[in-house]
Amino acid sequence: VHGTLDSSLAIMDESHDDKAKRYIRKIGSATFTVSILSETYGTRSAKVEVSRRGVIIDLEEPIKDIRSLYNEAYVRGSSITAMSHPHNSKLVLITFTGERKLAFAMQSTYETELLIWCLALFQGGLEQ
């Protein structure tokens with residue numbers, strides 16, 4: 001089963017937060033709209049999908065036939081991590097295996113926290 005979490009869930013109280021997390025656990029994925037901040041690609045709109053299978057980052061508008069920047073499954077013994085910027089919680093740095101990194105801006109602090117929670121959940125760091 002596949003589904004997405006719409007960014008309209010970004011402003012909610014704690015009971016809605018629990019509901020969103022239950023929904024994500026049930027469908028097994030969440031998709032976020034972000035702005036990629038890259039020296040190579042410039043600032044671009046993209047979709048970040050975090051699921052039980054891994055992380056996929058697709059550009060909304062391809063660059064020279066490149067649509068997918070990352071399509072990485074979780075690998076035993078290593079992890080995909082994300083952290084928010086200490087002074088701006090909407091800025092996220094995601095680190096993939098092999099120390100490859102990508103920075104992007106989320107639409108809200110709530111989405112930043114949810115993305116980090118999803119990575120922990122789907123990599124087994126949280127109880128399913």
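## M83, out at the surface

M83 is exposed, with a relative accessible area of 51%; exposed here means over 50%, buried means under 20%, and partly exposed lies in between, using a 1.4 Å probe and protein chains only. This is a predicted model, in which local features need pLDDT of at least 70, side-chain atom pairs count only at pLDDT 80 or more, and totals for chains, interfaces and linings use all residues. Residues are numbered from 1 along each chain as its sequence is written, and side-chain values use heavy atoms, with hydrogens and water left out.

You will find M83 in strand 5, which covers residues 81-84. Strands are DSSP runs of E with at least two residues, helices are runs of H or I with at least four residues, and both are numbered from the N terminus. Beyond its neighbours within four places in sequence, M83 is in contact (heavy atoms within 4.5 Å) with L91, V92, L93 and I116.

## E72, tucked away

Now to strand 4 (residues 66-73), where E72 sits. E72 is buried, at a relative accessible area of 8%. Its contacts, again setting aside neighbours within four places in sequence, are R53, G54, V55, I80, F96, T97 and R100.

## The whole chain

The protein chain has two helices and seven strands, in the order α-β-β-β-β-β-β-β-α from the N terminus. Of its 128 residues, 38% are buried. Among contacts between residues at least 6 apart in sequence, 42% join residues at least 24 apart.
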